[in-house]
Amino acid sequence: MSGQYRLKIGARTLKLPGGTVDVGRSSDCWLTLDDDLISRYHARFHVSDDLVVLEDLKSRNGTFVNGEQLDGKITLHHADKVRIGHEVITIVESDSDEDESGDALRRTIGPGEDSKFPSLIGALVEKSLSMGKLKEAERYALALTNQLASAKVPVDHPTAASAVNCLVALAEKTSGGVWLDRVFRLHAAKGWLMQASVITRVRSALDRIPRVPGSGLQDYETKLRAMSRDGLDVPAKLMAEVAEISDAYGKG
């Protein structure tokens with residue numbers, strides 16, 4: 001059955017979903033591996049009910065299975081070891097549907113280390129920003145926010161809080177409205193009530209940003225109104241503040 005295959009990376013075990021699953025350095029990949037030896041789109045797992053096939057996507061440094069470099073595709077079996085960059089991934093076949101990692105969120109993994117969300121990525125963003133490595137900080141922040149794409153988590157979940165903090169920090173550092181747009185889009189998509197501390201930081205960042213591009217701000221304002229109509233307890237102060245920001249920075 002789909003989902004019986006898992007990837008064991010260090011002390012973590014991640015359940016493979018059915019279909020095609022990309023692995024690489026890009027934050028668009030299902031499994032993002034932060035390793036300079038790994039290509040942006042390095043390899044792809046093709047997962048069916050009773051089969052897992054691994055394909056090398058013409059990566060720069062190759063994909064290795066049980067010590068042999070992969071040329072094209074190969075069918076994987078229980079206990080096979082796949083090496084991508086510095087990472088060694090063991091294929092595990094199991095009848096259990098439980099995710100042994102205890103976390104349904106996808107992972108971004110640094111070379112030779114287990115996933116340590118969200119503190120690890122948050123620290124990497126802060127370090128990159130302090131060193132002036134904006135592109136690197138952006139890559140880490142996007143990887144973190146992508147973890148939330150299909151996860152149902154509350155606004156105070158550690159990964160959610162870290163993702164929002166990283167996006168606001170990028171807006172503050174770069175004076176880039178696009179990062180605030182991502183903050184509002186994320187809140188709109190998840191139906192989160194923006195916390196007062198985040199509103200305060202957003203307002204502070206807007207002192208240096210002429211406008212917020214994109215539709216995130218308007219989407220969030222619309223979402224809050226819909227939530228209120230549906231009987232959810234949306235603070236009037238939050239609705240007023242978002243409307244005020246939208247009028248001042250979301251138009252034109």
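Buried means under 20% relative accessible area, exposed means over 50%, and partly exposed lies in between, using a 1.4 Å probe and protein chains only. Keep those cut-offs at hand for the charged residues below. This is a predicted model, in which local features need pLDDT of at least 70, side-chain atom pairs count only at pLDDT 80 or more, and totals for chains, interfaces and linings use all residues. Residues are numbered from 1 along each chain as its sequence is written, and side-chain values use heavy atoms, with hydrogens and water left out.

Start with the salt bridges. A salt bridge is a side-chain nitrogen of Lys or Arg within 4 Å of a carboxyl oxygen of Asp or Glu. By this rule there are seven salt bridges. We also need names for the elements: helices (H or I, at least four residues) and strands (E, at least two) are DSSP runs, numbered from the N terminus.

Look at helix H2, residues 134-146. Lys-135 and Glu-138 both sit there, three residues apart, about one turn of the helix. They form a salt bridge, with the closest N and O atoms 3.9 Å apart. Glu-138 is buried, at 17%.

Glu-172 forms a salt bridge with Arg-201, and their closest N and O atoms are 3.0 Å apart. Glu-172 lies in helix H3 (residues 158-174) and Arg-201 in helix H5 (residues 196-206), so the pair ties together parts that are 29 residues apart in sequence. Glu-172 is partly exposed at 25%. Arg-201 is partly exposed at 27%.

Helix H5 also holds Arg-203. Glu-244 forms a salt bridge with Arg-203, the closest N and O atoms being 3.4 Å apart. Glu-244 belongs to helix H7 (residues 236-249), so this pair ties together parts that are 41 residues apart in sequence. Glu-244 is partly exposed, with a relative accessible area of 47%. Arg-203 is partly exposed too, at 29%. Shared partners join Arg-203, Glu-241 and Glu-244 into one network of salt bridges.

Next comes Glu-221, in helix H6 (residues 216-229). Glu-221 is buried, at 10% relative accessibility. Its side chain makes a polar contact of 2.9 Å with the side chain of Arg-225. A polar contact is a pair of N or O atoms within 3.5 Å; within protein, one must be able to donate a hydrogen and the other to accept it, and residues adjacent in sequence count only if both atoms are side-chain atoms. Glu-221 also touches Val-242, Ala-243 and Ser-246, leaving aside residues up to four places away in sequence. Here contact means heavy atoms within 4.5 Å.

Turn to the strands. Two strands pair if DSSP finds at least two bridges between them. Six strands form an open sheet in the order S2-S1-S11-S10-S7-S8, with antiparallel pairing. Strand S2 (12-15) and strand S8 (68-69) are the edges, each pairing on one side only. Strand S7 (residues 63-65) and strand S10 (residues 81-84) pair over three bridges. Val-65 has Val-82 in S10 as its bridge partner.

Finish at Asp-56, in strand S6 (residues 52-56). What do the polar contacts of 2.6 Å join to the side chain of Asp-56? One joins the side chain of Ser-59, and another that of Thr-63.
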